[in-house]
Amino acid sequence: MDSPVQIPFKSFIQLKPEETTALYLQIVFEFIKAIQIGLLPEGTKLPGTRVLCKLLAVNRNTLIKAFQDLELQGWIEILPNKGTFILTEKQQKKKDEFIPTESKNNSRASSGFTFKHSTILENPKETSILPYQFTDGLPDLRLVQTDVLARLYVSKLKSRKSAKTWEQIQTQSHLNFKTQFSNFLNLTRGIRISTSNLLTTSSHEISLYLVTKLLISPGDKVVVASPGYYMSNMTLTDSGAQIISIPVDKEGINTEYLKQICEENTIRILYLTSNYHYPTTTSLSAKRRMEVLELANRYGFVILEDDYDFDFHYDNNPVLPLAALDSNERVVYIGSFGRSLPAGFGYGFIAAPAEFIKELEKHQNILEPGIDVIKEQVLTDWIREGEVHRLSKKNKKIYKERRDYFVVLLKEKLSGKIKFQVPLRGLAIWVEWLDNFNLIKLQKQCAANGLFLPKTILYQTKDLTATRLGFGHLDKTEMENAVTILRLSLDAII
């Protein structure tokens, strides 16, 4: 790992001395946020306090006090003569066996050449073998109609030989797929695109990566909501963007705050999850949708709209994306398709002006040069024959029943302990805790009782203690057991 001094602390540790909150507490909250979204990966060695004081322009006693607080909460480990390290879960359990990452990698991991090390792109996701766990809103793969997909796939493989060359088959199959898929998006999302406005990718993450590669230059200022999506924040930061965060309330991002930022800065991109904000599940209000589009047109920034969970809405009149209202071509719309399908069958996509799509294709040809013709033919048939709509309708009914039952359980077993709004879409509920306690302590207590809470669903600042609880992957019995363990664990630490 590179020297910790090279970590761009100033880009994500935002201190405001003019605020009433004590400066050392601001440092604590900013470090916790950076750790939770993966900007400071587990095992990272932090600079010495004297160096960090200069970087952050704070008094050394203030920083020492903040580090003491972070160590008491279990976020860091301060080792004499070795340094200060971000703790891993294993290290939290066995502090006496702590070995700095640098020491562990001295032998086998070292090489005879130098290369770039990322302090941003470490995978923040955790795995567990515990019997129950909450996610941030994943679907239940047990509901997948694998038999239908298998029959279609095999039938395409056995189809009669064509006189066309393989390149001709690829080209025609891909065009057919893009035609059906653009029609599908126009119908379901209310956007007006043709095949020239569409790029399909192997995943939602690849779509975001390609867009940021073309739109962002080092130092560009990108506005994101806070709290926000840790994966997109990692991608944006790695591209060289300077992140500016704005608060979210019951109507979505604060547009007055956004306007103020635009007046004081040159903004390149506004990244937002307008229809189902991650992680709070709030939908951007109609009034603010129009304000965002007007601000983009006035100040010239790009709206990067991420509609990652459109497939799971439970009302008959789903909120359409900003891309459906965009008349000035300021919106680049990305999303996912087939989240309920087996791994490998899902897609990411980008809808944008034709010239932008054409340039994106140049970069995609390097990352994803091959086309899975059989998969595209299968999904083309699924869309054309209406199977996608039937599957979506069936799944939405199941997930709506699960959401409603999960709401009943939360009200029954956690009454007086939480507050939340019932979301109209998605597979997770944003829960705000009414008691003041440490979420990491709750995580450890739940683990001891057989329930896994990954750190990526835990959100804690001075004014907020919240958790994003995914219910889509759980049946009724699993929900009951998980929520029961959650309540028992809460009682144990309070």
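Predicted model: local features only at pLDDT ≥ 70, side-chain atom pairs only at ≥ 80, totals over all residues.
**View 1. Salt bridge between Asp-311 and Arg-189.** The side chains of these two residues meet with an N to O distance of 4.0 Å. Asp-311 belongs to the loop between strand E10 (302–307) and strand E11 (331–337), whereas Arg-189 belongs to helix H8 (residues 166–189), so the pair ties together parts that lie 122 residues apart in sequence. Arg-189 is buried, its relative accessible area being 1%.

**View 2. Salt bridge between Glu-291 and Lys-287 in helix H12.** The closest N and O atoms of Glu-291 and Lys-287 are 2.5 Å apart. Both residues lie in helix H12 (residues 286–299), four residues apart, and are therefore separated by about one helical turn. Glu-291 is partly exposed, with a relative accessible area of 21%, while Lys-287 is exposed, with a value of 58%.

**View 3. Salt bridge between Asp-435 and Lys-417.** A distance of 3.2 Å separates the closest N and O atoms of this pair. Asp-435 is partly exposed, with a relative accessible area of 24%; Lys-417 is buried, with 18%.

**View 4. Network of salt bridges with shared partners.** Asp-140, Arg-142, Arg-402 and Glu-478 are joined into one network. The count of salt bridges in the model comes to 20.

**View 5. Interface of domain 2 and domain 3.** The chain is divided into domain 1 (9–93), domain 2 (132–139 + 391–492) and domain 3 (146–385). The centres of domain 2 and domain 3, taken over C-alpha atoms, are 28 Å apart, and the contact takes 22 residues from domain 2 and 25 residues from domain 3. About 2,100 Å² is buried between the two domains, with carbon and sulfur atoms giving 56% of this area. Within domain 2, the residues that lose the most area to domain 3 are Lys-396, Arg-425 and Arg-468, which together account for 34% of what that side buries.

**View 6. Polar pairs and composition at the interface of domain 2 and domain 3.** One salt bridge and eight residue pairs in polar contact are found across this interface. H15 and E14 are the elements that give two or more residues to the side of domain 2 that touches domain 3; H15 gives the most, with seven residues. By class, this side has 11 nonpolar, five polar and six charged residues.

Technical notes. Residues numbered from 1 in each chain as written. Heavy atoms only, no water. Buried < 20%, exposed > 50% of the residue type's maximum accessible area, 1.4 Å probe, protein only. Domains from an automatic or database assignment. Contact = heavy atoms within 4.5 Å. Buried area = accessible area lost by both parts, 1.4 Å probe. Polar contact = N/O pair within 3.5 Å; in protein donor to acceptor, adjacent residues only side chain to side chain. Nonpolar A, V, L, I, M, F, W, Y, C, P; charged D, E, K, R; others polar.
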